Structure formats: C-alpha cells, structure tokens
Amino acid sequence: MARARSAPATDADDCTAGLLAAASLPPRGLRLGPRGRPLAWGMTDASKAALELEGVSKRFGAALAVRGVSLACQRGETVALLGGSGSGKSTVLRLCLGLLQPDAGTVTVAGERMAPERAPRLRRRMGYVIQDGGLFPHLTAEENVTLAARHFGQTPSWIAERVRELAIVVRLPEPLLARYPAELSGGERQRVALMRALALEPDALLLDEPFASLDPLVRAELQEEVRRIVRELGSAVLLVTHDVTEAAFLADRIVLLRDGAVLQEGTLKDFLQRPADPYVTRFLRAQRLSLGEAE
Amino acid sequence: MKRASLATALVGLSLLGASRGAASQPRVVVASKAFTESLILAEIAAGVARAAGGDVVHEAQLGGTRVVWNALLRGDVDVYPEYTGTLEREIFADDAVQGRDALESALAARGLRLGPRLGFENTYALGMKEEVASRLGLRRISQLREQPALRFGLTNEFLDRGDGWPSLRNAYGLPQQPVGLEHEVSYRGLEAGTLDVVDLYSTDADIRYYRIRVLQDDLHHFPRYDAVLVWRADLEARAPAVVAALRGIGGRIDAPAMIAMNARVKLAGETERAVAQGFLRDQLAVEGGGGSDGVLARLVRNTRDHLALVGISLGVAVALAVPLGILAAKRPRLGGAILGVTGVLQTIPSLALLVVMIPLFGIGAPTAIVALVLYSLLPIVRNTHAGLRGIAEPLRESALALGLSPRARLVSVELPLASPSILAGIKTSAVINVGTATLGALIGAGGYGQPILTGIRLDDVGLLLQGAVPAAALALAMQGLFGLLERRVVPRGLRLAPPH
C-alpha cells in the first residue's frame, strides 16, 4: 500500500500540529467497507502506474485537440501538464476521467482500461479539482465533501471521521464545513474542493488549474499546502497548469504540450539546459524564466 | 354513476363527486345552455322532474349547443330544452332533417326522444336600436344589403352555426364583416352605440327594454324555432313518471309568458329558480323543492370546486411535466418533440379543447381537469428542461468526476440545481391555471367561473365580482404560497449570492 500517512521526518517545515494529528490516526489501508468487505478503491495493484496514457488522440470536429499523447504517472509522483491555452492539457485530464472518449489510444487507471461502462467506477479512484472548485452551490462544504461517500454506502461514522481528518489535512477550520460555497473565500473553496477530491482515498489526483483564480498570496499558500499534502498521501498527481514556476514547484516531472502533442518531458532544468524545440525556450522566457534564475 | 374514467375517480376523491339522493329515486340530469331562457326552462323541467320523484341535478349554463349535445349523447345529461330550428339546421345540418316526423326519427336513431312543443317559438332575428333603424328607414333584413358600413355584433355561436351567419349572409347577400361576442353583451354594445346590428332571440326581454326594432326576415331564412324538451330514450325506462310529467309541460308556456319570465330574471334580477318555481306553482300546481343558496354558501362551494380543479390538475401536471422535462433534457431529439407537442397544446383554444374532450370525459370537472393539465404542461416542462440544461458545465463535470450514477447525479445535483427554475414553471402554471379554471363553468365544472358567467349573462357586476375577486385573490395567494414554497424547496445555498 503506497499510503504513507506519516510526514517525512526531514521536512521540518511541514511538520505542523495538524499533520501530527493526522499522522496519529490509525493506518487506513485495510479499512473495511460497510458490509465488511475491503473497499475496492483501497485495494489497488501498486505495481501498475496509477495513470497511464498510450498514444491518445482526440478530435473535436476537424481539429485535432490531442495528438498521440503517451505519459505515465506513478504513485507518489506529481506530473505537471504544462502548456498555453489550446494546447490540449485540460482535454488530456478529461480523457483520463473518461469525461471524453479518445479517438485513438488507451487510458489506463491503476491497470484497468478506461471505458464508458467502467468510467463511474474508475472515476471513484480519482480526485478531480478544477479552477473554481466546481463545488455544488446547493450543498454545504461538508455535504460537498461527503456526497460521493454517502452514495457509495459508507457508514456515517466512517464519513464523520474522514471529514475530520481531511479538514486537518487541508487545514480548513471545522466551523467552515457548515457553510455554503457562496459563503467561503476562493482559497477556502479550493481547500473544500481538495477535501472532496480526497474523500474516497483516490489513487490519483487530477488538478486542472486549481490555483488560477486565487490572489497571489492565497495561491502561494495553497501551492505549499498541496505540495505537502501530496507528499504526505503519496498518491499520483496530474497537474494541469500554464504556470512554469507552479509546475516546477509542485511537480517531479513536467510534460510540455503544444497543439495537443508532447513537445518535451523532463524537469525544468532539462527544459532550460536542453530545450527540445525553440518553443520551449520561448514559453519559459515568456514567464521571465532563464537558466540563471532557475539555478 | 355510469361514467367511470380515471379522471372521475380522481374527482371522486376530491369531494366533488359526492353521491346525491337515495338509491330508489331515479337520477335525472337536466342541462341548460348559457342563456337565461334555457336556464328558466331547465329549472321548470327540473322542478317537474323532482315533483315526479326524480333525484334531479341541473347542470346549468353549459357553454354552447355542442357541449350540451355531446353530453346528452354520452349520457351525462338526460334532458334539456332545445329549439326545433336548432335541431334541424345546426345539429342535423348535414342530414336535411325537416318537420317533426323527420326530427323524431333522426333523434330516435341516436337514442333520443323529442318532447312536445312547450307552446312558444323563439326564433333568431336581427335587431337594431329603434332610433337608428328609423333614421335609416330599415324594416327588413334585405335592406341591410345597402348599408355596408353598419357594424354587426353577432353571437359567437350564431357566427358558426349552420342556420346562422354564413347562410344568412349568402341568402341576403350581406356585405358586412361581423365581430363575434357573447349574446348577453350584444345589447350593451347596441346601447353604447358601438354596434348597430345584433342577433336576437325573439323572446328576449331586452328587446322591449332597450327599444330594439326586430328586422323582418323577408326572405324567410330562419326556420321555426319551437321550444321543446329533448331527452334520452333510456330515461323513459328508468324514470317513466318523470317523463310523463315532462310531457305535461307541453303547450303550457306561451310567448308572452316566456318573455315575462325572461324579463323577471334579466330586468328584475330574480333568480331563474325563483321564476321557475313561481311558474310551477301558478301554472302547474307543483311545489318545487330546494331554495337558492346564499352568497356565502355559493362562495364556499365555488371556492371548493375551484381549488379542486386547480389543485388536482396542477398535481397531475407536475407529476407528468417534471419527468417529461427531465426526459427532454436528457434526450435532446426527443426533447424537441416533447417541447413541440406541449407548445401546440398550449395554442388550442380552451373552449375547443373542452368540447372535443366531452365525448371522452363527459361534462363537469373531469374534462376541465384534463384540459387544465394539458395547459399546465408547457411552463413546467420548459422550465424543467431549461433548468437542467442550464447547469454550468463545471458542475455537471464535477458530478460526473465523482463517479456518481446517473440517478444519483439527477437526484443529488441536477434537480436541486434546477429547482428554482422548475418551481418558477410550476408557479406560472398555477397562476395561469387559476384563471383558466374559470372556463370550467362552461362545461358544468363549477368554480369561480360560475358567478362570472352568470354575471356576464345578467349584466350583474356584483355577481361577476363574486367570481372575479376571489379568482384574483386566489392567483395572488398562489404567488405568495410559492414564495414560501421557494424557501422550503430551493436549497439555501442557491439563494445566497453566487461565488464571485
């Protein structure tokens, strides 16, 4: 089980009181479902990539939005999909979730091929956070977080405990859970959205520009939180962003997309030192990044 | 009870179909059309039938010949007053039925019987204000040919009837373009000077009251309109004493007596029932039972009937329209068809819809409820559809991404998000329904339309307001009720300011 709950001892900055509290909870890998069976999404094959795309293409009418994209994201690994608008990076995320069907290629989630009939089940292994959180305005923060768990028959006590844990993990003051999305700040809404995405202990977390509409200070704070959280949970993360520094800060690996195709894959350092294409350098320069600054 | 439809069963639940009278008394349904003379004659027939041991119900002022006729054929009505000319020229217009023998056999072929002549004729005629007619020197209908500028106001029914305007225009070569209106309004149009020529019934009390010159039918276009009773043949087996008593009215009412009775209702403000009972007592030595209701009792009854019409129809409409709206939103191609059909239903004129459905559901509340349901569909279907289709894409995707089943998405996410729109649609339907339900009175469904119809007929504003004011109040109450309902049904989170 790749679910390390304890914070890395070396990362003193992240060793907050909240994390200690979370870490002191019982290990959750073998938690049983309501009928005494192990929860399906808690029992995944750790040998397989959490998320894998092979030669995936997607066409919208005449336009080819995604061209033969292949990439894999392992547990404990964060991959950033970087690119300008229209580069197809959000489309890749939708393909991963089965919200779109590829015209060619395959999407594999924890060893299982994504297909329409399997999509609802496989989606439960993934957490999805979008720009404005996508929180349901008619539900309170807590109801948003627990909606899926309630539908999949989790016991009230399991749910209550999970909410408490998650609130600690994302550092959301518990009183805010009773509020509606309209009564929360942008940053608070994203914390709730993260809680919702994490509620069913997903194998993979799919983040689509989750910080884009936040003001700079809140954004920086939340980026730190997310880095801490994903390291702590050890799940696979696929992050869609157009922000190079955000990608470099959060991701182990960056995949740069242009016109729906992978232009280069590697670290920021690779991009700066060995750009595969003049576009790579232009894209980084446009965000005021040069070799000297990155060092 | 011989009609047993789903709608009747529904109504039965709602106090409307309370059983009347003891089982030993034969049930007799008397009907009248929506003009004073018809009501008086029906009340006389009802009094006679009651005295002969019948358990009598009067379905009063139904909205036109076709409504009553269909109800009679269907067995919802047993007996009603009619005129031989109407039977020959309107009801059997296509069969060239002429004379009493032909009429009797035409009726017998439909399981009906022609009663004896009541003793007077009430023909159609055209009339003008005395001073206008004498200024223009008009005495005969044929002279109207030379007066194309005259404004004609004709009864809606007369405009369409086989013996009415189309054949009259052809017979006399009349060039005028008439407007259609209700008979009881036309005298007021003459009086106000907005109309020059109207159609009349020759026994109308208004003719003398308003000083109207009846133009001579010099080409003998109109047939004889002898007043008669028409009843179902099976009534003779079910209630022989009642039929014998009805025959006894034959020849007892002459034209002056009829005009006098019309005048007592229209000009002196007596009720049809009181006038009929006076006639029964004085001419036939029959004591009619059952006095008139007080204003309050009538208001209570009309309110009950109206609420039942609106409540049942709205409930059924919601149960049908919300699923239809969901279906329309989920299946776009089918959705186009659903929205199209409910849209077309909305455009059918209400009286036409009512008349068309009488053969299926009979007169009274069932037909009115079915019509109201059909009219209520569109706003609810459309708003359900719009509410579901209007859900923001990120929210729709978020629900999908959670791995929820289609049903769970619908129940927990989509319907709550669409609830303000759905509720607004139901509210629109409810308010429209309160107004449309007043038309139920045209087919004997009761409700606030009853006093409105009578008020129009008798030019009695007070009576009219007894229906119009509570109907308006009910519409306002509906608005208020839905305001409260909104707080309960629409989730609190949706009533807060949206994010950003």
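Reply: In this predicted model, chain B is divided into domain 1 (14–120 + 225–283), domain 2 (124–215) and domain 3 (295–495).

Me: What distance separates the centres of domain 2 and domain 3 of chain B?

Reply: Taken over C-alpha atoms, the centres of domain 2 of chain B and domain 3 of chain B are separated by 41 Å. For the chain as a whole, the C-alpha atoms of chain B fill a box of roughly 85 × 60 × 45 Å along the principal axes.

Me: How many helices and strands are there in chain B?

Reply: Chain B has 23 helices and 10 strands. Of its 500 residues, 47% are buried. Among contacts in chain B between residues at least 6 apart in sequence, 78% join residues at least 24 apart.

Me: How should I read a sheet, and what is the order of strands in the open sheet of 5 strands in chain B?

Reply: The strands of a sheet pair through backbone hydrogen bonds, in either a parallel or an antiparallel manner. In chain B, the open sheet of 5 strands has the order β7-β6-β8-β5-β9, and its pairing is mixed. Its edge strands are β7 (179–181) and β9 (212–215) of chain B, each of which pairs on one side only. On average, neighbouring strands of this sheet are turned by 40 degrees against each other, direction ignored.

Me: How many bridges join strand β5 of chain B to β9(B)?

Reply: Strand β5 (residues 124–129) of chain B is joined to β9(B) by 4 bridges, and the two run antiparallel. Gly127(B) stands opposite Val214(B) in β9(B).

Me: Is Ala192(B) buried or exposed?

Reply: Ala192(B) is exposed because it has 8 other C-beta atoms within 10 Å. Ala192(B) belongs to helix α9 (residues 183–192) of chain B. Between Ala192(B) and Gly493(B) there are 58 Å in space, C-alpha to C-alpha, and 301 residues in sequence.

Me: How is an interface described, and how many residues does the contact take from chain B and from chain A?

Reply: The size of an interface is often given as the accessible area lost when the parts come together. Here one may count residues: the contact takes 23 residues from chain B and 23 residues from chain A. On the side of chain B that touches chain A, two or more residues each come from α19 (393–401), α20 (406–436) and α23 (492–495) of chain B. The largest share, 6 residues, comes from α19(B). By residue type, this side of chain B divides into 16 nonpolar, 5 polar and 2 charged residues.

Terms used. Residues numbered from 1 in each chain as written. Chains lettered and ligands numbered in written order. Predicted model: local features only at pLDDT ≥ 70, side-chain atom pairs only at ≥ 80, totals over all residues. Buried ≥ 20, exposed ≤ 12 C-beta atoms within 10 Å, placed from the backbone. Contact = placed C-beta atoms within 7 Å. Nonpolar A, V, L, I, M, F, W, Y, C, P; charged D, E, K, R; others polar. Pairing = 2+ DSSP bridges. Axes fitted to C-alpha atoms, helices over the stretch in contact; angles between N-to-C directions. Domains from an automatic or database assignment.
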